[in-house]
Amino acid sequence: LRWEKAVTEKTTAAAGGGVVKLEGPDSCATTDPVGVVPAPGLRWSVRVKGEGVLQTVFMEKDQELGRRRVVVHAPDWVWVDFPLPATPGLVFIAFRFSCLEGRVDADLALLEAGRPLPLLQQGESWTLPAACFFHAGHTDVRRGSVNFRKERDIASVVLYGPKLPLERGRYRATIDFASPAPAGETLGACNIQCEERDRCAPQALVAGAPAALEFEQPASLPVNLVVTFERAADLEIRAVTFTRMEGDPGGRL
């Protein structure tokens with residue numbers, strides 16, 4: 001985000017250590033133009049807190065494509081969505097929002113599409129096919145898995161994501177994978193990051209062994225599962241499941 005006519009403040013409670021304070025219609029924040037194509041549920045999701053009315057304006061160059069308003073009533077950080085107007089094809093849209101009434105703090109905006117992932121209660125989980133992550137290798141469209149070959153894929157980070165918010169709490173990320181390697185062969189490693197910081201100790205990805213990472217989500221910020229590949233053997237990653245652990249009171253932050 002670029003801040004225009006807005007007051008910014010450094011704070012460790014915000015993503016990236018900074019927050020923009022929107023108060024009055026002359027205070028606004030703007031994104032750089034981003035290329036978008038028609039997609040179901042296409043929206044900007046913004047992390048905010050405060051009391052007020054946010055208005056968004058969608059711009060293609062100097063042409064206004066539409067606007068939305070959302071009432072914010074949030075003493076702690078929450079995510080609010082602003083659906084994008086329908087477009088005929090690829091367009092480059094900038095997103096500008098301001099506070100018409102009250103005052104609202106904002107610190108992060110994400111461009112998303114598809115059905116929003118539900119807030120997980122204790123013991124609940126959601127599963128994402130590996131193909132939904134950012135990845136190298138090649139995709140099995142029918143299975144939704146991603147495959148890496150020791151003969152041609154690089155030894156590096158080969159899969160990461162989903163970079164979508166999880167509410168504050170304790171979670172377990174379980175990786176469903178397969179390999180022709182003998183049991184005990186180290187295939188790579190995995191870790192969980194939030195704000196580019198590790199949230200747990202890296203764990204080896206070992207043939208024939210479960211791959212599960214338990215981690216603390218400190219705030220309602222995007223979470224990033226990172227998988228590296230060592231080229232010891234072929235590797236298929238099928239899906240990743242995020243589970244809210246039992247006995248976790250959680251809550252919003």
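This is a predicted model: local features need pLDDT of at least 70, side-chain atom pairs count only at pLDDT 80 or more; totals for chains, interfaces and linings use all residues.
## Aromatic pairs

Let's start with the rings. The model holds 9 aromatic pairs. One of them joins Phe134 and Tyr160, whose rings are stacked, with 5.0 Å from centre to centre and 15 degrees between the planes. Phe134 belongs to strand 10 (residues 134-135) and Tyr160 to strand 13 (residues 157-166), so this pair ties together parts that lie 26 residues apart in sequence.

Both partners can be looked up by their accessibility. Phe134 has a relative accessible area of 44%, which makes this residue partly exposed. Tyr160 is also partly exposed, at 31% relative accessibility. Elsewhere in the list of rings, Trp44, Phe58, Phe82, Phe95 and Phe97 make up one aromatic cluster.

## Gly18 in strand 3

Gly18 sits in strand 3, which covers residues 18-23. With 23% relative accessibility, Gly18 is partly exposed.

## The largest pocket

If you turn to the largest pocket, you will find a volume of about 580 Å³. Its lining has 26 residues, and those nearest the centre are Glu112, Pro116, Leu117, Leu164 and Pro165. Two or more lining residues come from each of strand 6 (43-60), strand 7 (63-83), strand 8 (91-112), strand 9 (125-129) and strand 13. Strand 13 gives the largest share, 4 residues.

What is the make-up of this lining in nonpolar, polar and charged residues? There are 16 nonpolar, 3 polar and 7 charged residues.

How values were computed:
Residues are numbered from 1 along each chain as its sequence is written. Side-chain values use heavy atoms; hydrogens and water are left out. Rings of Phe, Tyr and Trp (its six-membered ring) pair if their centres lie within 6.5 Å; planes under 30 degrees apart count as stacked, over 60 as edge-to-face and the rest as tilted. Buried means under 20% relative accessible area, exposed over 50%, partly exposed in between (1.4 Å probe, protein chains only). On a 1 Å grid over the protein atoms alone, a cavity is a set of points where a 1.4 Å probe fits but cannot get out, and a pocket is an open set with protein on both sides within 12 Å along at least five of seven lines; lining residues have an atom within 4 Å of a point. Grid points are joined across faces, edges and corners, and a volume is the space filled by probe spheres set on the points. Ala, Val, Leu, Ile, Met, Phe, Trp, Tyr, Cys and Pro count as nonpolar, Asp, Glu, Lys and Arg as charged, and the others, Gly among them, as polar.
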